[in-house]
Amino acid sequence: MKQFLIFIKKEFAHVFRDPKTLLMLFGLPIVQIVLFGFALSNEVKNTKIVVADYAKDHASQQLIRKIEASNYFETERSLKSATELENSFRQGKIHMAVIFPVGFENDLLHSGKAQVQLIADAADPNLATTLISYMNSVVREYQLEMNKDIVLPYVIQPQIQMLYNPELRGAPNFVPGVMSLILMLICVMMTSISIVREKEMGTMEILLVSPFKPILVILSKAIPYLILSIANIIMILLLSYFVLDVPIKGSIVLLFGESILFIITALSLGVLISTRTASQQSAMMISLMGMLLPTLLFTGFMFPIENMPLPLRILSNVVPAHWYYLIIKAVMIKGLGFSAIWRETLILFGMTLFFLAMSLRNFKIRLA
Amino acid sequence: METVIQTKQLTKKFGDFTAVNEITFEVFAGEIFGFLGANGAGKTTAMKILCGLLKPTSGQATVAGFDIYKQPEQIKRSIGYMSQKFSLYEDLTVYENIRFYAGIYGLRSKQIKEKSEELLERLNLQDYKKKLVAELPLGWKQKLSFSVAIIHQPRIVFLDEPTGGVDPVTRRQFWDLIYEASSKGMTIFVTTHYMDEAEYCNRVSMMVDGAIEALDTPSELKRIYKANSMDEVFQELARKAVRTAD
């Protein structure tokens, strides 16, 4: 036991003496939270649009004021020619144009039908659809106000309720994603590199010749990263609570329990990689290419998995971070209990056992 | 004389390749045993089997009286090992390295303190106690490495090309340390391909293509092969080699 503690102490010394490791451990989560929380937000806010009001009547003015009141748009009123508008679109100065034709109110009041033209820059299709649907809802609201005294014969009114995240903010989606990404990076990459480093340096042989048990070598390599990862989760959760204003709705104990399970999954994957590689470089390449990319792609926090073709949807199931992301979202954002995530937990557990069995097998083959 | 290492037809095959071919030899307590051979002759493989890093394909061996198949744990407690790769942690201080290795061999805190003071004094490294190992010159690292490998006072210490890449003066100093350990009764099992070092050994075995071709004292070997130096003995024997270095 004392030998074990001495070993763990040594591992911590390695971590705390290497500025690069430290930066990655504690700098990366902060940068990612800030990036995903603020810079890479997929919410639409204050998008530049142009309103060309050729009607200049009461109705068009009223509607424009409604548009201006919305904080989705930053509205500029101007009567640009078609060419000027096109130039603004080309230069990326505006993302949407709203054009009221001459006689807007007249048409509305007398023929009962008026037209307003919406032109959107669909080079960014997501932004264009979002803008159009926001604008549609503004128009619809105005229309409802106009007709509030009139009873339509048949009306279907969709009652919309945005669950768990009513303000449709990006942060509640990103925080669980960042957590899975960071844990994957730290646990898989750092553990595999630190084990492979001992092989590369030749110190592994010395350790294997010593009475210290090989399995304990691996354990004492993994435990410091388990502790550091837990510290990291605490840091991410504090950041997301105080900086991004993302509450933790479910049980904190459950959240940590599931995180520790995922950390162990990632650690055993790191150990598995280390048993198959001989140099730090290749361990890093495998961890980065094999872990980081799939985690980014298939976790579901950047690209919705539902939209992917079937083969990719199937592939996403073998990415451990995918399940962890589902679990954390359920517990943290939806506030659900264990009964809602037992299946995901079981899958992670199974993956862990698989990785551990594989690394144990490789370890034995290497010694024989 | 007491035997501390004994092998009988010890063999290691990797697939079709026979790295070590039925080697049989004995090493006596307190001697400096040189285990020589060209690169790829099978020295390191044989040494790894004796240290418990590899399992032999067939044959028998005992180390410090313990069977390599049945008592690997007891063997581990009785031996020290220094690999060809430099084996200290560069990002730890001299003292931290000593404490770590002494610690994993189960030495008590008080023993660790005493031992490391003694070791630092012997190597004249007191002023470097708190310096990172990375700051030491290679020769010093190697001397430190050796002292750390024997800090738990093993009965046998295995040295795998311990002086690779060091200048002759430092090599000489390194051998002084080996003599000192040997004079205290420790058995030294050393591989090298510097033939001048072979002269320092009590007995020498010459390995060619996985088999032991000759085993005797350096003076006896020179007499048998009518050679002036161990280098000539080696050239004479190595000529038979079919294998090229791997």
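**Exercise 1. Describe the open sheet of 4 strands in chain B, its strand order and its edges.**

The order of this open sheet is E2-E1-E4-E5 in chain B, and the pairing is antiparallel. Strands (E, at least two residues) and helices (H or I, at least four) are DSSP runs, numbered from the N terminus. Two strands pair if DSSP finds at least two bridges between them. The edges are E2 and strand E5 (66-67) of chain B, each of which pairs on one side only.

The model is predicted: local features need pLDDT of at least 70 and side-chain atom pairs count only at pLDDT 80 or more, while totals for chains, interfaces and linings use all residues. Residues are numbered from 1 along each chain as its sequence is written, and chains are lettered from A and ligands numbered from 1 in the order in which they are written.

Next, take the pair E1 and E2. Strand E1 (residues 3-14) of chain B runs antiparallel to strand E2 (residues 17-28) of chain B, joined by 8 bridges. B:Leu10 stands opposite B:Ile23, and B:Lys13 has B:Thr18 as its bridge partner. The hairpin of E1(B) and E2(B) has 2 residues between the strands, and B:Gly15 takes a positive phi near 65° there.

**Exercise 2. Work out the open sheet of 6 strands in chain B and find which helices pack on it.**

Start with the order: E6-E7-E8-E3-E9-E10, with mixed pairing. E6 and strand E10 (211-216) of chain B are the edge strands. Neighbouring strands are turned by 15° against each other on average, direction ignored. Angles run from 0 to 180 degrees between N-to-C directions, and axes are lines fitted to C-alpha atoms, for helices over the stretch in contact.

E6(B) and strand E7 (residues 156-160) of chain B are parallel, over 4 bridges. B:Ile79 stands opposite B:Ile156 in E7(B).

Then the helices. Helix H5 (residues 138-149) of chain B touches E6 and E7 of chain B, and its direction makes about 160° with that of E6(B). Helix H9 (residues 230-238) of chain B touches strand E3 (32-37), strand E9 (203-208) and E10 of chain B, at about 30° to the direction of E9(B).

**Exercise 3. Locate the largest nonpolar core and the element that gives the most to it.**

A nonpolar core is a set of buried Ala, Val, Leu, Ile, Met, Phe, Trp, Tyr and Cys residues joined through C-beta atoms within 7 Å. A residue is buried if 20 or more other C-beta atoms, placed from the backbone, lie within 10 Å of its own, exposed if 12 or fewer, and partly exposed in between.

The largest core has 77 residues, and B:Ile79 and B:Phe158 are among those with the most contacts inside it. Helix H3 (residues 94-104) of chain B gives the most, with 6 residues. Apart from this core lies another, of 58 residues, including A:Ile33 and A:Phe298.

Not counting residues up to four places away in sequence, B:Phe158 touches B:Met47, B:Leu50, B:Cys51, B:Ile79, B:Tyr81 and B:Phe189. Residues are in contact if their C-beta atoms, placed from the backbone, lie within 7 Å.

**Exercise 4. State how many residues each chain gives to the contact, and which elements of chain B take part.**

Chain B gives 22 residues and chain A gives 19. On the chain B side, helix H2 (72-78), strand E6 (79-82) and H3 give two or more residues each. H3(B) gives the most, with 4 residues.

**Exercise 5. Determine how H10(A) and H13(A) are arranged.**

Helix H10 (residues 252-276) and helix H13 (residues 320-333) of chain A pack at about 175°, with their axes 10 Å apart. They are therefore roughly antiparallel, a label for angles over 145 degrees. Residues of H10(A) in the contact include A:Phe262, and those of H13(A) include A:Tyr324.

**Exercise 6. Explain why E3(A) counts as largely enclosed.**

In strand E3 (residues 96-100) of chain A, 5 of the 5 residues are buried, so the rest of the structure largely encloses the strand. A:Met96, A:Val98 and A:Phe100 lie on one side, A:Ala97 and A:Ile99 on the other. Strand E1 (residues 47-53) of chain A runs parallel to E3(A), joined by 5 bridges. Strand E4 (residues 117-120) of chain A pairs with E3(A) in the antiparallel sense over 4 bridges. A:Val98 stands opposite A:Val51 and also opposite A:Leu118 in E4(A).

Methods:
Two residues are in contact if their C-beta atoms, placed from the backbone, lie within 7 Å. Angles under 35 degrees count as roughly parallel, over 145 as roughly antiparallel, 65 to 115 as roughly perpendicular and the rest as oblique.
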